[in-house]
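Here is a friendly briefing to read with the model open beside you. It goes topic by topic, with the cut-offs given along the way.

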Amino acid sequence: LRADAVWQAGAVTRSDARVVALAGTRNLVDAAGQHALCPTRAAAPQLFDAARELVFLGLLDGAPCYAALHDAEPATTAGGFVELRSVLATLDGDDLSLLIMARALAHWHDTHRHCGACGAPTTSFRAGHARTCTACSREAFPRLDPAVIVLVADESRCLLGRNPQWPAGRFSTLAGFVEPGETLEDAVAREVREESGIRIAMPAYVGSQPWPFPASLMLGFEARPLTDAIEVDGEELAEARWFTRADITAGLADGSLSLSPRRSIAFRLLERWFDRGGTPLRNLSVT
Ligand SMILES: [Zn+2]
């Protein structure tokens, strides 16, 4: 449907067309931060008509659905525009997927208004899923920055680190961006070595999470340590420690340890390892 210009021309005018509005990269959600607001064109025509760009997202309950990109906040009758990160813990999961897609595309359009080769303005095509240069015809498509995130663990303990910007007691899995020329496995091994001094055996892929802040795809791994002595770099990590399941249980109980939000891949990597000990991490975690 993205490439069907005739269908698109009709769909965007439908009174039941739905709109996912953005002000910059801020998304429109209800006052409680629990649901996306995606009104129809009939209910909120201004969200369509005042948009700088419309990006076709797909069909939502059978109706065409568009991300409407606005530079400033358009008038709305309900809810408000918020940074998606601020409602990650409260937002409904299906709504979150929709808003992540819209936010990622909004950021891409915002930062590709000019050609990367010749600097001339670009225009949107393929219903907002590509841009082309008005001077040299170079085409650009939405990009993702792959990042790896890894739980280093053996049977009895796992390695967690604290970002220098985090408060004391907040620990999570190690992570970093994949560099040109690396395999994902190379990137995992390099990041762990750089940040903690630990060498690892071949990492195994576990799962992924879109992370549109602004354009990442987090690829999650688990890896066994080959060495023991931790040496933090002091830049990416302020500290790193080995934690047993008992350490985590005690830290959560007395409040000296806090973890990443339950919905994050960091939490799920840790949970997958922790639960092999027989007690679900979710029964202990307060976040
Ligand atoms: Zn160009």
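R131 sits in strand β7, where strands are DSSP runs of E with at least two residues and helices are runs of H or I with at least four, both numbered from the N terminus. This is a predicted model, in which local features need pLDDT of at least 70 and side-chain atom pairs count only at pLDDT 80 or more, while totals for chains, interfaces and linings use all residues. Residues are numbered from 1 along each chain as its sequence is written, and side-chain values use heavy atoms, with hydrogens and water left out.

**R131 and its surroundings**

- R131 is buried, with a relative accessible area of 5%; buried means under 20%, exposed over 50% and partly exposed in between, using a 1.4 Å probe and protein chains only.
- The R131 side chain makes a polar contact with the side chain of E53 at 2.8 Å, and another of 2.9 Å joins the side chains of R131 and T122.
- A polar contact here is a pair of N or O atoms within 3.5 Å; within protein, one must be able to donate a hydrogen and the other to accept it, and residues adjacent in sequence count only if both atoms are side-chain atoms.
- Leaving aside neighbours within four places in sequence, R131 is in contact (heavy atoms within 4.5 Å) with a list of residues including E53, W108, H109, T122, F125 and E139.

- H109 belongs to helix α3, which covers residues 93-110.
- H109 counts as buried because its relative accessibility is 0%.
- The H109 side chain reaches the backbone oxygen of G128 at 2.7 Å.
- Not counting residues up to four places away in sequence, H109 touches R52, E53, V55, L69, S124, G128 and R131.
- D94 is also placed in helix α3, but at 64% relative accessibility D94 counts as exposed.
- D94 and H35 are 59 residues apart along the chain, with their C-alpha atoms separated by 9.2 Å.

**The zinc site**

- Four SG atoms, from C115, C118, C133 and C136, coordinate the zinc ion at 2.3 to 2.4 Å.
- Donors are N, O and S atoms within 2.8 Å of the metal (3.2 Å for Na, K and Ca), and water is not among the atoms, so sites may look incomplete.
- The arrangement is tetrahedral because the four donor atoms subtend angles of 99 to 120 degrees; for four donors, that label requires all angles to lie between 85 and 135 degrees.
- Along the chain, the donors follow the spacing C-x2-C-x14-C-x2-C.
- C118 lies in the loop between α3 and β6 (122-125) and C133 in strand β7 (residues 130-133), so the pair ties together parts that are 15 residues apart in sequence.
- C118 is partly exposed, with a relative accessible area of 44%, whereas C133 is buried at 4%.

**Nonpolar cores**

- A nonpolar core is a set of buried Ala, Val, Leu, Ile, Met, Phe, Trp, Tyr and Cys residues joined through side-chain atoms within 4.5 Å.
- In the largest core, which has 22 residues, V20, L57, A67, L84, L91 and L99 touch the most other members.
- The elements giving two or more residues to this core are β1 (18-23), β3 (53-60), β4 (63-70) and α3.
- Helix α3 gives the most to this core, with seven residues.
- Beyond its neighbours within four places in sequence, L99 is in contact with V20, N27, L28, V29, A36, L84 and L91.
- A second, separate core of 21 residues includes I149, L257, L259 and F274.

- Seven of the eight residues of strand β13 (residues 216-223) are buried, so β13 is largely enclosed by the rest of the structure.
- Strand β9 (residues 145-153) runs parallel to β13, joined by eight bridges; two strands pair if DSSP finds at least two bridges between them.
- D145 has S216 in β13 as its bridge partner.
- Strand β12 (residues 204-211) pairs with β13 in the antiparallel sense over seven bridges, and A204 stands opposite E222 in β13.
- A hairpin is formed by β12 and β13, with four residues between them.
- Helix α6 (residues 265-274) is largely enclosed by the rest of the structure, because eight of its ten residues are buried.
- The buried residues of α6 include I265, F267, L270, W273 and F274.
- Their cover includes β9, β10 (157-162), β12, β13, β14 (239-244) and α5 (245-254).

Notes:
Tetrahedral: all angles 85-135°; square planar, octahedral: opposite > 155°, others 65-115°.
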